[in-house]
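Biologist: I'd like to learn how to read a fold from its model. Could you take me through one, feature by feature?

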Amino acid sequence: MSGEQGLAEFDLIERFFAGVGPLDKTAAVTLGMGDDCALLSMDGDDLLALSIDTLVAGRHFPLDADAADLAQRALAVTVSDLAAMGATPVAFTLAITLPSIDTQWLQAFSDGLRLAANSYAIPLIGGDTTQGPLTITLQAHGRVAVSSVLKRSGAMAGDSIYVSGTLGDAAAALAVIEHRLSVSDAERDYLLGRFYRPVARIGLGQSLLGLASSAIDISDGLMGDLQHIAKASQLSARIECEQLPLSAVLQAVVSREQAIQYALSGGDDYELCFTAPPQHHRQLMALSSQLGIAVSRIGQVSNGEGVECVDARGQVVPLAKPGYRHFSG
Ligand code: ADP
Ligand code: MG
């Protein structure tokens, strides 16, 4: 589940799944539940980073979604958790539940999956195929050095907060898909592309090793995901809403207030949010131009707790309640 039921999801995980089986951190399990990936020790300095994600038809994507898009999105969502830890993709497994054997649909799904798997250099090595309502589960396996792995818990007071790319496009795409927002064909293509074909920031994540102090991928919305960093690092976070990176298309199709709300609480962008000490700022900007990926400084972490966003006058910007997501009509 990726957070749309807010706290209840984390309470549920904590109550029913935390502490199942003995967890001996001196053995193979270096990091259990609670971050973007679990970390298992391998030979030498390396850790195996593991993450699993499920997409349910009618819940996480519309029932009539294009099969190739769906495959690309499913892999990006899972690989994005590897990016958040700075891990290098190794392999993935796929459990797919299909309502029927539709070879045309399967061919398109396979084509999309191939394209994405090639772009992340990650081979499919196993899985399970069953019949039932359309559900796609992918587990990604990655490799990362124990000495530099990025966790949610590494932020230090005074570190700057950064995000990659632009935020809020996927939330606007959802509004288009659900007929809450009408846009031109070109704007629609751009926004839907951002929703269906997010790009997991693998290269950026790897380059942040040794530069960033903590990281998370933005799956549930910036404020919610940043809260995980703040909580795990026992700090507070303050965002300056003027600094939020918004695409030209997003700014053209909704009001500035709405664009900021989408950027703060809309999910599905799969950009990275990370913290880094101020002395790494220049190097991060150089990295950004080298990779051709925008990196924006949007705030700072400090002692205390909680996450807030302030406007140019320092006034706290209230968060609109994120809409309930459903596609089943
Ligand atoms: P993400 O959005 O990064 O994919 P989630 O919000 O899905 O992460 O999960 C938060 C944490 O809880 C992760 O560490 C995940 O492995 C763990 N988790 C979620 N569901 C379960 C479950 N059913 N059993 C065990 N751990 C779970
Ligand atoms: Mg994640």
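Predicted model: local features only at pLDDT ≥ 70, side-chain atom pairs only at ≥ 80, totals over all residues.

Biologist: What is the strand order in the open sheet?

Modeller: Helices (H or I, at least four residues) and strands (E, at least two) are DSSP runs numbered from the N terminus, and two strands pair if DSSP finds at least two bridges between them. Here six strands form an open sheet in the order β1-β2-β3-β6-β4-β5, with mixed pairing. β1 (29-31) and β5 are the edge strands, each pairing on one side only. From one strand to the next, the twist averages 20°.

Biologist: Which strands does β4 pair with, and in which directions?

Modeller: β4 (residues 88-98) runs antiparallel to β6 (residues 135-145), with nine bridges; T93 has Q139 of β6 as its bridge partner. β4 also runs parallel to β5 (residues 124-131), with seven bridges, and L98 stands opposite Q131 there.

Biologist: How does the chain get from β4 to β5?

Modeller: A crossover is right-handed if, with the strands pointing away from the viewer, the path from the first strand over the helix to the second runs clockwise. In this model the chain goes from β4 through α3 (residues 103-120) to β5, a right-handed β-α-β crossover.

Biologist: And how do I describe two packed helices?

Modeller: Use the angle between their axes and the distance between the axes. Axes are lines fitted to C-alpha atoms, for helices over the stretch in contact, with angles from 0 to 180 degrees between N-to-C directions; contact means heavy atoms within 4.5 Å. The α2 and α3 axes come within 7 Å and cross at roughly 35°. Residues in that contact include L75 and V79 of α2 and W105 and F109 of α3.

Biologist: Why do the ends of α5 sit 16 Å apart?

Modeller: The expected span is 1.5 Å times one less than the number of residues. α5 (residues 185-196) has twelve residues, so it should span 16 Å, and its end C-alpha atoms agree at 16 Å apart.

Biologist: What do the buried residues of α5 pack against?

Modeller: They pack against α2 (67-85), α4 (169-177) and α8 (248-253). L191, F195 and Y196 are among the buried ones, where buried means under 20% relative accessible area, exposed over 50%, and partly exposed in between (1.4 Å probe, protein chains only).

Methods: Residues numbered from 1 in each chain as written. Chains lettered and ligands numbered in written order. Heavy atoms only, no water.
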